[in-house]
Amino acid sequence: MANKISRIEAREQDPKTRARNFEEVSFGFTPQEAASEASRCLQCKNRPCVASCPVSVRIPEFIAQVRAEDFAGAAATIALDSLFPSICGRVCPQESQCEGSCVLGIKGQPVNIGKLERFVGDWALAAEVSGPAAIPLAPDPAATPPTTGAAEAAPTTTLPARNGHRVAVVGSGPAGLTCAADLARLGYEVSVFEALHRPGGVLVYGIPEFRLPKERIVAREIAKIVALGVHIETDVVIGRTLTVDQLLDDEGFSAVFVGSGAGLPFFMGIPGENLNGVVSANEFLTRANLMGAFEPCSDTPIFVGTRTVVVGGGNVAMDAVRTAKRLGSQASIVYRRSAEELPARAEEIHHAREEGIDFQLLTNPVEVLGDESGWVRAVRCVRMELGAPDASGRRSPVPVPDSEFEIPCECVIMALGTSPNPLIASTTSGLDTNRRGCLVASPEGATSRSGVFAGGDAVTGAATVILAMGAGRRAAQAIHEYVSSHSFSS
Ligand code: FAD
Ligand code: SF4
Ligand code: SF4
């Protein structure tokens with residue numbers, strides 16, 4: 001019986017070794033391991049795993065192809081729904097999405113869908129089979145899903161001729177890149193404007209190398225999009241260098257997609273947050289990932305003390321604390337709820353624990369304490385207990401009376417979440433935002449301003465890579481319909 005075989009986990013670097021380097025933690029599957037893990041899939045007719053994937057990757061089909069060692073076919077099948085399998089296989093919260101609904105997980109261990117998808121994506125990058133010619137056009141939502149392998153699901157292999165229309169994309173994260181790729185395949189001339197000096201958004205500046213290799217994976221995935229004819233212009237801040245209004249009125253673009261993410265960090269508002277040694281996780285990770293700050297000769301050095309406290313419990317907090325550990329600091333997580341509520345991916349929490357990260361759970365900082373020269377010396381915290389559920393359905397943490405204590409440290413990293421930067425909304429006429437500062441957009445990405453579409457974290461607030469990709473794809477379709485139904489001179 002297929003479900004009697006134990007789930008195959010990918011081999012990983014030894015925790016003690018990897019806690020001192022930035023190399024990727026997981027080695028991924030070999031072809032034999034992939035085929036063997038694929039053989040566990042029951043090929044369920046009702047496909048609960050597909051229903052729980054935000055972009056409905058045809059999971060049973062691609063797994064059947066992996067089992068048959070038709071890796072090119074599996075790559076073509078995934079490409080019908082997802083542009084970046086190497087990335088999503090690494091960073092999707094599979095336990096709450098595809099794998100969370102796998103029937104094998106009811107009494108045992110779900111199929112390792114994430115590692116299978118990563119294997120296929122990496123195989124395709126290595127074999128260079130998912131280059132522009134092999135990436136399909138955005139699928140027709142009304143089309144019947146293929147029931148057999150890739151040959152039947154064969155993607156369109158020639159790029160359509162240019163249709164004479166230009167679309168501008170603001171931001172080169174997963175939302176912007178997906179939108180740009182789909183529009184390019186529909187014949188648009190697409191220009192992506194990116195504020196930073198490297199494209200990729202959080203994929204390059206946020207998620208560390210030990211989880212998502214930059215050159216080996218992200219740069220090669222972006223190269224596939226450039227090969228579609230998408231033009232990426234870096235160091236252009238829309239709202240400063242050029243405005244959205246100028247793109248539409250003066251620069252000849254028929255529509256604009258805003259995928260500018262949510263890069264503005266929250267702080268706690270507690271005393272001592274302005275001391276030297278307190279930093280946002282976004283700044284800390286950007287310095288490490290994008291500016292190579294851990295190199296001794298870096299122009300933008302990074303500070304970690306011998307002891308670092310990271311406040312928060314999400315992926316960003318795990319990435320920051322594990323980066324601090326790799327930079328030689330004793331590193332602790334301080335999180336106000338319990339282990340069950342930690343919002344980070346299960347794999348990252350597991351890896352962090354293996355690497356020796358200290359978890360101070362049900363603990364909340366109330367003050368950052370400084371020394372006489374204005375540098376952090378400790379965080380004063382209070383123990384918490386869980387009370388009644390709050391608006392999100394989670395039990396609210398409440399302070400335990402007389403439980404204050406200090407955690408000595410020289411560096412405090414705040415990983416409390418982010419909101420969209422207000423720059424674009426404040427420099428674009430007629431663009432509505434909600435009370436959280438997010439752009440207001442329909443599920444298809446239409447904003448309050450005609451010709452301006454938006455998606456990803458800029459609309460939802462901090463969310464996930466796959467949700468941003470899904471939003472970029474839906475917006476590309478909506479932009480196509482908008483441009484097709486308006487008369488623009490081309
Ligand atoms: P972004 O990826 O933020 O890209 C937006 C881009 O727009 C950026 O490059 C930015 O520089 C650019 N930009 C902003 N303003 C302007 C402007 N005015 N002009 C030009 N360009 C502009 N998600 C997961 O699914 N799994 C994970 O494990 C995970 N880990 C994460 C770890 C960290 C440290 C962080 C920060 C996030 C993580 N996320 C994770 C969340 C995920 O990365 C985001 O939800 C996703 O990247 C959002 O994509 P996006 O395209 O909307 O925005
Ligand atoms: Fe699972 Fe993400 Fe792949 Fe969907 S895209 S199947 S959620 S890993
Ligand atoms: Fe295979 Fe699990 Fe999906 Fe069933 S639910 S088709 S076993 S991956």
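Arg47 is partly exposed, because 18 other C-beta atoms lie within 10 Å. Placing C-beta atoms from the backbone, a residue is buried with 20 or more others within 10 Å of its own, exposed with 12 or fewer, and partly exposed in between. The model is predicted: local features need pLDDT of at least 70, side-chain atom pairs count only at pLDDT 80 or more, and totals for chains, interfaces and linings use all residues. Residues are numbered from 1 along each chain as its sequence is written, while chains are lettered from A and ligands numbered from 1 in the order in which they are written.

**Domains**
- The protein chain divides into domain 1 (11-134), domain 2 (166-263 + 418-484) and domain 3 (267-414); these bounds come from an automatic or database domain assignment.
- Taken over C-alpha atoms, the centres of domain 1 and domain 2 are 26 Å apart.
- Contact joins 21 residues of domain 1 to 24 residues of domain 2; it requires C-beta atoms, placed from the backbone, within 7 Å.
- Helix 6 (residues 85-91) gives the largest share of domain 1's side of this boundary, five residues. Helices (H or I, at least four residues) and strands (E, at least two) are DSSP runs, numbered from the N terminus.
- That side of domain 1 holds 13 nonpolar, four polar and four charged residues. Nonpolar covers Ala, Val, Leu, Ile, Met, Phe, Trp, Tyr, Cys and Pro; charged covers Asp, Glu, Lys and Arg; the others, Gly among them, are polar.

**Ligand 3**
- The shell around ligand 3 has 14 residues, with Cys41, Leu42, Cys44, Cys49 and Cys102 the closest.
- Two or more of its residues come from each of helix 3 (48-51) and helix 4 (59-67).
- Its residues are 12 nonpolar, one polar and one charged.

- Eight of the nine residues of helix 4 are buried, among them Phe62, Ile63 and Arg67.
- Cover for these buried residues includes helix 2 (31-38), helix 3, helix 5 (71-79) and helix 8 (113-127).
- Most residues other than glycine have a negative phi. Arg47, in the loop between helix 2 and helix 3, has a positive phi of about 50°.
- Ser56 has a positive phi near 55°. Ser56 sits in the loop between helix 3 and helix 4, and is partly exposed, with 19 other C-beta atoms within 10 Å.
- Glu69 follows helix 4, and its phi is positive too, near 60°.

**Strand 16**
- Strand 16 (residues 411-414) is covered on both faces: Cys411 and Ile413 are buried on one side, Val412 and Met414 on the other.
- Strand 8 (residues 278-280) pairs with strand 16 in parallel over three bridges; pairing takes at least two DSSP bridges. Here Ser280 is opposite Met414.
- Strand 9 (residues 307-311) also runs parallel to strand 16, joined by four bridges. Val310 has Ile413 as its bridge partner.

Terms used:
Near = placed C-beta within 6 Å. Contact = placed C-beta atoms within 7 Å.
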